[in-house]
Amino acid sequence: MIIVHHLNNSRSQRILWFLEELDVPYQVQRYERDPQTMLAPPALKKIHPLGKSPVIVDGDLTLAESGAIIEYLQEAYDAQGQFIPTDYHARQQYRYWLHYAEGSLMPLLVMKLVFSRLGQPPIPWLLRPIAGAIGKGVQREYLDKQIAPHCDYLEQHLSKNTWFVGNEFSAADIQMSFPLEAMAARGALDACPKLRGYLQRIHSRPAYQRALDQGGPYDLLS
Ligand SMILES: N[C@@H](CCC(=O)N[C@@H](CS)C(=O)NCC(=O)O)C(=O)O
């Protein structure tokens, strides 16, 4: 049986969701972030050297990287091709969004998170005011200016498409969900009604709801 090494409030929520969509049996091995550093516990390094989540184990295969896991699960368990487009051009779009989520969007969001925390522990208290000011400056002068065009781009895309690849739900939507949820949680989608509507559509899917029960509290939604 597939084992999902799942970290709370993390990208691995997507893997639980995809497995629920696929209706494939799996077990969840849960890990909790350190409340101070938000890092994963060292135990995850016993599963994969980088100690990040998600990681799945399926028989003799141990696989990390959510995009790679989603591609693998689609290939191995979606015999009917329910979650991948058949049309050639749609298939290239599918590939694009699968990579875009972690390759282009998430690095900016992670940088923003890191710089937003510069004025907080573990930075020594004497340095916090200056570190906090640097963090705000980098966000304002660089990151916010980089992220804004992505919001516009995605909002435009979803004003013409129900799902990321046209009008059919696909595994690319699962991969795109996490950065959009992270953006919504930080108020970055307040001016993006199409993206907020899209998030409502994915949250109302029964498989999404079942995955929440499996993964435990998912505070990105609150
Ligand atoms: N690009 C990787 C990123 C993996 C990653 O950074 N996961 C985060 C959870 S969202 C993590 O494990 N963080 C804990 C840590 O860095 O210790 C993927 O998509 O799987």
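Tutor: A salt bridge is a side-chain nitrogen of Lys or Arg within 4 Å of a carboxyl oxygen of Asp or Glu, and the model in which we shall look for such pairs is a predicted one.

Student: What is the general idea behind such a pair, and how many salt bridges does the structure hold?

Tutor: Side chains of opposite charge can pair when their charged atoms come close. The structure holds 7 salt bridges, and one of them is formed by Arg11 with Glu102, whose closest N and O atoms are 2.9 Å apart. Arg11 lies in the loop between strand 1 (2–7) and helix 1 (12–22), whereas Glu102 belongs to helix 3 (residues 88–116), so the pair ties together parts that are 91 residues apart in sequence.

Student: Which residues are joined with Arg11 into one network?

Tutor: Salt bridges with shared partners join Arg11, Arg14 and Glu102 into one network.

Student: Where do Glu20 and Arg210 lie, and is each of them buried or partly exposed?

Tutor: Their side chains meet in a salt bridge at 2.8 Å, N to O, and the pair links distant parts of the chain, with Glu20 in helix 1 and Arg210 in helix 7 (residues 206–215), 190 residues apart. Glu20 has a relative accessible area of 11% and is therefore buried, while Arg210, at 37% relative accessibility, counts as partly exposed.

Student: How many residues apart are Glu141 and Lys145?

Tutor: Glu141 and Lys145 are 4 residues apart, about one turn of the helix, and both lie in helix 4 (residues 128–160); their side chains meet in a salt bridge at 3.2 Å, N to O.

How values were computed: Residues are numbered from 1 along each chain as its sequence is written. This is a predicted model: local features need pLDDT of at least 70, side-chain atom pairs count only at pLDDT 80 or more; totals for chains, interfaces and linings use all residues. Side-chain values use heavy atoms; hydrogens and water are left out. Helices (H or I, at least four residues) and strands (E, at least two) are DSSP runs, numbered from the N terminus. Buried means under 20% relative accessible area, exposed over 50%, partly exposed in between (1.4 Å probe, protein chains only).
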